[in-house]
Each structure stands twice: as structure tokens, then as C-alpha cells.
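I opened this entry to record what I looked up in the structure.

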Amino acid sequence: MLFGGLFIVRKRALSAATSFAVLLGSATLVAGTAGPAAADSVVPLNVGTIGDMVVDGAHQRLYFSDTYNNRVVVTDFAGTFVKAINDLAYVRDLDLSDDSATVYAALENADKLVAIDTAQLAVTAEYPTGQGTKPSTVASAAGRVWFGYGENWDSDLGSVDLTTAVPTVALALTTGANWSHAPTLRTDPAAPDTLVAADGTISSGPIVVYDTGSGTPVVRTSAERQGFVKDIEIAPDGKSVVAADRVTSLTRLSLTDLSEQEKYPVSWSAEAVAVAPDGTVAGGTSDRDDVGDVFVFNGGSTTPASVRDTKSWMLFGGEMEWAPDSTRLFVPVQLPGQSEHVLRIYTSPKLHTVSVTVKAPANAPINKPLTVSGSVSSTLKLPAGAPLTVTRYDAENPAGKALGTRTLTANGTFSFPDTPAAAGKVSYRVAYMGDAKRAYSTGTAAVQVAPFPTYLKLDQNRRTVDYGTNVTYTASLGWSYRNRVVEIWADPYGSEPKRLLKRGTVNSAGKLSVTTRMTRDTWVTADFAGDTRSGRAHVGSTVYTRAGLTTALSQHYKWSKIGTIWYQSYHQTGDVKVTAWNNPYPGRMTKYEVQVWYAGAWRTGSEDYVRLNSGGMAYILFDGAGAEGVRARVRTAYVDGTSGDNVNTTVHGAWKYFNITR
């Protein structure tokens with residue numbers, strides 16, 4: 001062709017224009033609850049194992065033997081850590097003295113018993129039992145500490161006499177039994193001079209009732225239970241014991257002859273028993289049927305008042321104890337598949353459990369009636385007409401709004417209408433407040449209530465303007481409940497960040513306007529956050545902005561008019577210099593196009609893309625040698641998508657005319 005070209009630019013990496021997206025968020029209202037405190041609580045315990053637990057009512061403390069960590073951990077009745085008494089080698093069984101002044105502990109690997117002062121929370125005395133004795137069970141009464149020791153059919157019964165000036169240890173006191181392992185031992189002030197021993201490691205293990213009035217155990221009665229007796233407790237009447245075994249389950253036995261007096265039905269084999277000072281019996285099971293593992297029997301009843309689930313298997317002689325006032329039950333357990341131990345505190349264990357189930361539609365429109373229904377069940381059936389309190393929680397009433405009292409039908413169901421006036425998550429809580437025999441209980445159901453739709457409009461959509469034009473955007477908001485604030489955002493194409501143009505309250509006509517200078521194609525949005533009754537709204541408007549562009553010729557020696565057009569004239573020995581500018585963007589190129597007047601028409605001579613420098617400039621030289629008599633014109637352009645990016649809209653500059661002379 002007639003002209004050669006050259007350009008001068010600073011080389012930069014191409015950066016593709018970034019895409020944009022508008023994210024619509026949603027908020028979820030979390031409704032609070034009010035009412036009586038939860039009946040039960042769960043507290044983590046700082047123990048590695050739980051060998052035994054005793055309750056000290058005089059000091060309001062719990063003692064746990066942490067066998068794995070060789071210590072006794074002390075907490076208050078809420079399960080809060082108080083102190084750890086360390087260096088107690090493989091501490092096993094614990095027992096509290098009748099005066100609550102001392103906790104006795106059996107240290108199997110140290111061949112001794114120790115006395116822990118409950119005021120000082122420190123070991124104040126040690127009682128060696130002899131090398132290789134391995135004491136592991138303990139019970140104290142009337143100035144003596146009884147202990148079981150040994151293992152593998154080489155086990156026996158011993159005592160420490162604390163009534164003498166120097167405590168005296170006696171061994172091999174067993175009569176009337178052949179222990180496979182150190183027997184479980186129980187004493188109680190309600191049964192003076194009575195020691196009960198049980199062997200729970202074999203199915204034929206005996207229960208032996210000893211008379212200890214003489215200081216030496218004498219068999220009063222014995223029996224083989226044929227069922228792995230895992231735990232045993234003397235009842236507060238002083239006339240019976242309750243035994244937990246894996247075959248006949250939970251059974252009350254006479255202390256006189258160990259005859260069966262009554263059975264307490266539980267779901268599976270019994271592993272633990274605790275008898276409260278008022279006679280209430282609690283039994284723990286291995287919950288293989290997933291129906292609960294703590295059964296509570298009130299006032300001699302053989303029907304459980306409540307069944308609780310500790311969420312663990314109470315295997316291998318689980319521990320449980322009552323508080324001295326018979327109102328709380330402490331059950332330490334290990335969570336399944338975890339090393340963590342927790343203390344479950346049942347604060348109303350004697351009350352019949354109540355379960356409230358509430359049903360409501362998953363979704364509903366605002367200000368339209370809906371129906372809430374449900375049922376109430378209990379281990380002691382509620383009568384028809386039992387009152388239920390209803391509370392609604394929503395965005396306008398986060399603390400709850402009482403909806404009054406509803407009553408239970410004869411078949412244990414309830415139903416009531418309501419018209420939610422707030423949008424979002426609306427929760428209905430139905431509560432049975434409890435009575436002398438039944439526990440407090442609640443149930444909740446949630447409805448997602450759709451708000452009133454909100455009208456929102458933004459003008460200027462799909463308008464195309466020149467670079468640098470000031471454009472005024474106006475958002476129009478329709479009816480809303482309370483919120484009248486609108487935000488207008490600009491999100492230019494490319495790497496420029498989204499920015500807030502204006503946030504404000506619309507005027508009395510529902511309008512909010514803002515003016516901004518346009519430099520790129522821009523997605524402008526109006527956002528309304530909604531309120532408790534009006535829905536969120538989001539609208540967008542795209543305004544296309546032509547790229548900024550200038551084209552200039554220089555280095556001519558004169559202007560010449562040919563026909564009606566003015567030309568810039570160049571000698572054929574010189575160069576035609578074209579200076580092009582576009583608004584800068586990384587990697588951007590300008591397109592030049594040269595046309596030549598030939599045979600009575602403008603015909604394309606050459607076209608190409610030239611990279612712009614960081615300031616948006618390009619310089620193009622056309623060599624005029626040998627082009628005498630040529631008439632030509634040149635223009636530059638930004639072409640959306642092919643000029644290296646797409647952040648502006650296509651624009652072509654005006655033609656610049658020139659001719660070449662001698």
C-alpha cells in the first residue's frame with residue numbers, strides 16, 4: 001500500500017474487562033424465647049474418667065474420682081469447677097462420712113485409703129491396707145471404713161477402725177461369700193450396723209447383708225441374684241435396698257431376707273440406681289432401644305414419672321446421685337464417640353415429662369390468617385381444658401407478644417388462628433406451664449411470612465451517552481411501612497470498584513436523585529432494605545458510555561481547500577503524524593482507518609489496531625514518499641470488545657483529511 005506506519009506506545013499487559021453481578025441478600029430474624037428456665041442443664045466436666053461420684057449436701061459440692069488422671073475433682077452443685085486434689089494413684093470408689101466432714105477414697109494402685117477433709121479440700125490422712133491389696137471400693141459408717149480389695153477371685157473385705165487412738169486395719173473379714181472381685185459396698189445412717197455387699201462382675205454374684213454392730217461383719221442374710229448386680233442402694237426407710245442388675249433390672253429387696261418387694265420396669269438392663277432421701281427411685285440403663293436411659297419412680301409407684309435421655313449409654317456401672325433435698329438428680333456421662341464427660345443436672349426429675357409439638361405452615365403471606373396446631377403428650381395424661389400459653393415472636397416483637405391462653409382438647413390437641421402482621425421469620429411458642437405433677441414444657445414452630453411487595457424504579461436504563469456526560473439518576477419508591485431510605489450505587493464496568501452514590505430518604509413524591517459523571521459503561525442500582533412489613537427491592541439501570549476519543553494531524557505545511565473540504569497538506573518528503581487519544585484502560589488499543597480518494601469514491605487503504613500508552617495516547621506516522629497527488633483521510637475509533645476491553649461503548653472519531661504534494 002502507499003503508506004507505512006509506526007506507533008510509539010508503552011507496552012502493558014492486557015486486562016480483560018471484569019464482569020459484574022448483583023447479589024440479593026436476605027436477613028433471618030431469630031426470635032427469642034421467654035418463660036421458666038430450662039428444667040435440665042448440661043455442664044462439661046474437667047475429668048478424663050469417672051470412677052465414682054458423691055454428693056456433699058452440707059457444703060453443696062460434688063466429688064468425682066478421675067481415675068485416669070489420678071485425682072479427685074470437686075465442683076459445686078452447678079458443675080462449676082472448684083478444685084482438683086491430685087496425686088491419688090488410680091483413685092476408684094468414694095464415700096462421704098455421716099457428718100459430711102470427710103470423703104474417703106480408695107487408691108487401688110497405692111494400696112491405701114485416704115481421707116479428704118471437705119472443709120480444706122485436701123488429704124489429711126492415709127490408711128495403708130497392705131502391699132498388693134488393691135483396694136477399690138469403700139463405705140464408711142460408725143467410726144469404721146469398710147473396703148473391698150483384691151481381684152480375680154482373690155478378693156476380700158477389710159476395714160479401718162477409726163475409733164482407736166491409732167487407726168487399725170483389718171483384712172480377710174469376708175464370710176458367707178466368695179467374691180470374684182472387690183465387692184460394691186453400701187452403708188446408710190437409716191440402717192445402723194448394716195453393711196451391704198454385692199458382686200457385680202459375674203452373673204451368679206451374691207448380695208450379702210452384714211451386721212457390723214460387733215465391729216466384725218456377721219452375715220445377716222445373702223442371696224444370689226443371677227444377674228450381674230451393677231449397683232445397689234439402701235433405701236431411706238432403712239428396711240430395703242434397691243438393686244440394679246442386667247437381668248431382672250431394677251428391684252427393691254428386703255434388708256431382712258433379700259426377698260423381692262417390687263420391680264421397677266425400665267427399657268433395658270439396669271446399670272445404676274439412686275434412691276433420694278424422700279424415697280424416689282432413679283434407675284439408669286443402657287439405652288439400646290433409644291427410648292431414654294434415666295427412669296424416675298415417685299412415692300412407691302412402679303410407673304416412671306419421667307424418662308430422660310442422657311444421650312449416652314450408661315454402661316459399666318454408670319453413676320447417678322440425688323441432691324439432699326430430693327429435687328435434683330446428678331448424672332455424669334461420657335458422650336458417645338467422644339472423650340468429653342459432661343454432668344447432666346435434672347432439676348425437676350420427679351415431674352412427669354411433657355412434650356409439646358407445634359405445627360404451622362412453612363410459608364404464609366403477611367396480614368392473612370393462618371392456623372397453628374399441635375399436640376401435648378405426657379407420661380401422666382393431661383386433662384381436657386388444660387391451659388396452654390401462646391407467644392408470638394416476630395420482627396416487631398422480638399421479645400415476644402402474648403397471644404393469650406388456649407386449651408387442650410380431650411384427645412390432647414390444640415389449634416388456633418392468627419394473622420401475622422410482620423414479615424420474616426415468625427415463631428409461635430406454645431407452653432404448658434407445669435403443675436404439681438408435670439414439668440414445664442414448650443414447643444415452637446416457625447413460619448416464613450412474605451412481606452408486601454415494594455415498588456421501586458430507576459430511570460436512565462439503556463441510555464447511551466458521551467464520555468464525561470453528567471447523568472442524573474432518579475429512584476422512585478412506592479408504598480412502604482416505615483422505612484423510606486433508598487441507596488443508589490454505581491458499579492462501572494472493569495476494575496473500578498462499586499461505590500455508593502447516595503443514601504437518603506426519598507422526598508414526599510417518593511423520589512431520590514443523584515448526578516454522576518459517566519466515564520465507563522455503568523450498572524447503577526437502587527436498593528431498598530425493606531422493613532417489618534415491606535419487602536426488599538432492588539432494581540438496576542445500565543447506561544452505556546462511549547469511550548473518550550480525539551484524533552489530530554500534525555506536521556503539515558499548509559491547509560488546502562479541495563471542493564468543500566479543507567485538507568492538511570504534506571510534502572512527499574515528510575511524514576503524516578496522527579495523534580490519537582482514548583480514555584485510558586489497561587491493555588487498550590485504538591483502531592485507525594485510512595481511506596484514499598480513487599475513481600470518484602473513498603476506498604479503504606489500510607486499518608489496524610495500535611496499543612495506547614498508559615495515558616491513553618498513540619502516535620502513528622505515515623510515510624509520504626512517492627505519494628504525490630494522493631488525497632486521503634484518517635480516523636480513529638474505540639471498538640467495544642476488540643479494542644482490548646469492553647468497559648466503554650464503541651465510538652468513531654471524525655475523519656481527518658490530508659493530501660500529499662511535491
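I sorted the lining of the largest cavity by residue class and got two nonpolar, two polar and three charged residues. The model I worked from is predicted.

I then listed the lining by name: K591, Y592, E593, R635, T636, A637 and H652. Strands β50 (589–598) and β53 (631–638) each supply at least two of the residues in that lining. For the volume of the largest cavity I noted about 30 Å³. I also checked how many cavities of 30 Å³ or more there are, and the count is one.

Next I looked up I562, which sits in strand β47 (residues 558–562). Leaving out residues up to four places away in sequence, I found I562 touching Y567, R631 and N659. I took F622 as a reference point: I562 and F622 are 60 residues apart in sequence, with their C-alpha atoms 21 Å apart.

Last I turned to V485, in strand β41 (residues 485–492). Beyond its neighbours within four places in sequence, I listed R503, G504, T505, D527 and F528 as contacts of V485. I also noted a separation of 55 Å between the C-alpha atoms of V485 and R633, which lie 148 residues apart along the chain.

Methods
Residues numbered from 1 in each chain as written. Predicted model: local features only at pLDDT ≥ 70, side-chain atom pairs only at ≥ 80, totals over all residues. Heavy atoms only, no water. Helix = DSSP H or I, 4+ residues; strand = E, 2+ residues; numbered from the N terminus. Contact = heavy atoms within 4.5 Å. 1 Å grid on protein atoms, 1.4 Å probe; cavity = no way out; pocket = protein on both sides within 12 Å on 5 of 7 lines; lining within 4 Å. Points joined across faces, edges and corners; volume = space filled by probe spheres on them. Nonpolar A, V, L, I, M, F, W, Y, C, P; charged D, E, K, R; others polar.
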